[in-house]
Amino acid sequence: MKTENKNKLKLTDLNTFNNKTFVTKSYVQTKELAKEFAKVLKPKDIVLFNGDLGAGKTTFIQGIMAYFGIKKFVRSASFMLVSEFKAKDINLYHLDLYRLNTADIFGLGLEEYLFGNGISFVEWSQRLPDNSIKKYWQVNLEYIDDNTRKIKIRKH
């Protein structure tokens, strides 16, 4: 990946994000990568996020939301299970399962968000029951240092 300067991310030849790994060197680059990724998303997509605390999951989602024109501040949904956003032509759902156990997730009605017509973004998705979602994007973020993140994106 080429960079013009510390904060500007220049992506070239991105025909697909499937099975790709990126390294970003700043908060701004992480958000710019997310905006580029958002261009491939479509209604009914589910994006599952995994990474330790501070890995950049919420920052990445902020970039996606910015691409869709969401001007409202997007914060970690850890204290709220779901945050809903209305973009121009699509509903966006930010789900955070951090405070839940896998057993708690059954019966919460998340299916309405996950399998509706919008796009769902799920932080701490490893807490979802196995095999509950068949088709999805997986975004794994790894904290390298204060500025650097390793981001792996794969379509399942």
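In which sense, left-handed or right-handed, does helix 1 pass helix 2? I looked at the pair and noted a right-handed crossing. I also wrote down that this is a predicted model.

**Entry 1: the whole chain**

I started with an inventory. The protein chain has four helices and nine strands. Reading from the N terminus, I wrote the order as β-β-β-α-β-α-β-β-α-α-β-β-β. The chain holds 156 residues, and 46% of them are buried. I then looked up contacts with a separation of 6 or more, and 60% of these come from residues 24 or more positions apart.

**Entry 2: helix 1 against helix 2**

Back to the two helices. Their axes come within 7 Å and cross at roughly 50 degrees. That angle makes helix 1 oblique to helix 2.

Which residues of helix 1 meet helix 2? I listed Tyr 27, Thr 30, Lys 31, Leu 33, Ala 34, Lys 35, Phe 37 and Ala 38. On the helix 2 side I found Thr 59, Phe 60, Gln 62, Gly 63, Ile 64, Ala 66 and Tyr 67. Sorted by class, this contact has nine nonpolar, four polar and two charged residues.

Leu 33 lies in helix 1 and has a relative accessible area of 0%, so I marked Leu 33 as buried. Its C-alpha is 8.7 Å from that of Ile 64, although Leu 33 and Ile 64 are 31 residues apart in sequence.

Thr 30 also sits in helix 1. With a relative accessible area of 2%, Thr 30 is buried too. Skipping residues up to four places away in sequence, I found Thr 30 touching Thr 24, Thr 59, Phe 60, Arg 149 and Ile 151.

**Entry 3: how enclosed is helix 2?**

How many of the eleven residues of helix 2 are buried? I counted nine, so helix 2 is largely enclosed by the rest of the structure. The buried ones are Lys 57, Thr 58, Thr 59, Phe 60, Ile 61, Gln 62, Gly 63, Ile 64 and Met 65. Helix 2 is followed by Gly 69, and I noted a positive phi there, near 85 degrees.

**Entry 4: the nonpolar cores**

Next I looked for the largest nonpolar core, which has 27 residues. Its members that touch the most other members are Phe 37, Phe 60, Ile 64, Leu 92 and Phe 121. I went through the elements that each supply at least two residues of this core: helix 1 (27-38), strand 4 (46-50), helix 2 (57-67), strand 7 (119-123), strand 8 (137-143) and strand 9 (149-155).

What does Phe 60 touch, beyond residues up to four places away in sequence? I wrote down Thr 30, Leu 33, Ala 34, Phe 37, Phe 49, Val 139, Leu 141, Ile 151 and Ile 153. There is also a second, separate core of 14 residues, and its members include Ile 46, Leu 48, Leu 110 and Leu 128.

**Entry 5: positive phi in two loops**

I picked two residues other than glycine with a positive phi. Lys 44 has a phi near 80 degrees and lies in the loop between helix 1 and strand 4. Trp 124 has a phi near 60 degrees and lies in the loop between strand 7 and strand 8.

Is Lys 44 buried or exposed? At a relative accessible area of 54%, Lys 44 is exposed. Trp 124, at 9% relative accessibility, counts as buried.

**Entry 6: two threonines**

Thr 148 is in the loop between strand 8 and strand 9. I noted 9% relative accessibility, so Thr 148 counts as buried.

Thr 21 is in strand 3 (residues 20-24). With neighbours within four places in sequence left aside, Thr 21 is in contact with Lys 150, Ile 151 and Lys 152. I ended with a distance: Thr 21 and Val 139 are 118 residues apart in sequence, and 9.6 Å apart in space from C-alpha to C-alpha.

Note on methods
Residues numbered from 1 in each chain as written. Predicted model: local features only at pLDDT ≥ 70, side-chain atom pairs only at ≥ 80, totals over all residues. Heavy atoms only, no water. Core = buried A, V, L, I, M, F, W, Y, C linked by side-chain atoms within 4.5 Å. Buried < 20%, exposed > 50% of the residue type's maximum accessible area, 1.4 Å probe, protein only. Contact = heavy atoms within 4.5 Å. Axes fitted to C-alpha atoms, helices over the stretch in contact; angles between N-to-C directions. Parallel < 35°, antiparallel > 145°, perpendicular 65-115°, else oblique. Left-handed = near helix turned anticlockwise from the far one by under 90°. Nonpolar A, V, L, I, M, F, W, Y, C, P; charged D, E, K, R; others polar.
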